[in-house]
Amino acid sequence: MKNYPPEFKADAVALYESRPEATIRSVAADPGINPETLRNWVRAAGASRPRGRRTQEADQPPAPLEAENAALWKKVRELEEERDILRKAAKYFARETRR
């Protein structure tokens, strides 16, 4: 059984909360966590995600470039969060192997 630091757990739960379209299984696969482990962390944290899709009621739909730009910025934020989690995991496991 692996012991994960509290900040790693919190980051994994935050990643799950930030991606409402993703499943626990897909979020857990990125840093290599067992899906049931992540599910337990989410329950313990009392985390919740908005259910259903949020609709944006605008007078006009966004221009194609604006929509693409928004999608790209969203992806950048997701990748930055994943990168930060993986960096913390790498540091943690590097410390564990030195002992």
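Biologist: Is Phe8 buried or exposed, and what is its relative accessibility?

Modeller: Phe8 counts as buried, at 3% relative accessibility (buried means under 20% relative accessible area, exposed over 50% and partly exposed in between, using a 1.4 Å probe and protein chains only). Before going on, please note that this is a predicted model, in which local features need pLDDT of at least 70, side-chain atom pairs count only at pLDDT 80 or more, and totals for chains, interfaces and linings use all residues. Residues are numbered from 1 along each chain as its sequence is written, and side-chain values use heavy atoms, leaving out hydrogens and water.

Let's start with the core. The largest nonpolar core has 16 residues, and Phe8 is among the members that touch the most others, together with Val27, Ile33, Leu38 and Trp41. (Such a core is a set of buried Ala, Val, Leu, Ile, Met, Phe, Trp, Tyr and Cys residues joined through side-chain atoms within 4.5 Å.) At least two residues of this core come from each of helix 1 (6-18), helix 2 (24-29), helix 3 (35-45) and helix 4 (64-98), where a helix is a DSSP run of H or I with at least four residues, numbered from the N terminus. Helix 1 gives the largest share, five residues. Take Val27 as an example: beyond its neighbours within four places in sequence, Val27 is in contact (heavy atoms within 4.5 Å) with Ala12, Leu15, Tyr16, Arg19, Ala22 and Leu38.

Now for the rings. Five aromatic pairs turn up in a search of the whole structure. (Rings of Phe, Tyr and Trp, the last by its six-membered ring, pair if their centres lie within 6.5 Å; planes under 30 degrees apart are stacked, over 60 edge-to-face and the rest tilted.) Phe8 forms a stacked pair with Tyr4, at 5.2 Å centre to centre and 10° between the planes. Tyr4 is buried too, with a relative accessible area of 14%.

Tyr4 also has an edge-to-face partner in Phe93, with 6.4 Å between the centres and 85° between the planes. This pair links distant parts of the chain, since Tyr4 lies in the segment before helix 1 and Phe93 in helix 4, 89 residues apart. Phe93 counts as partly exposed, at 33% relative accessibility. To put your residue in its setting, ring pairs join Phe8 with Tyr4, Trp41, Tyr92 and Phe93 into a cluster.
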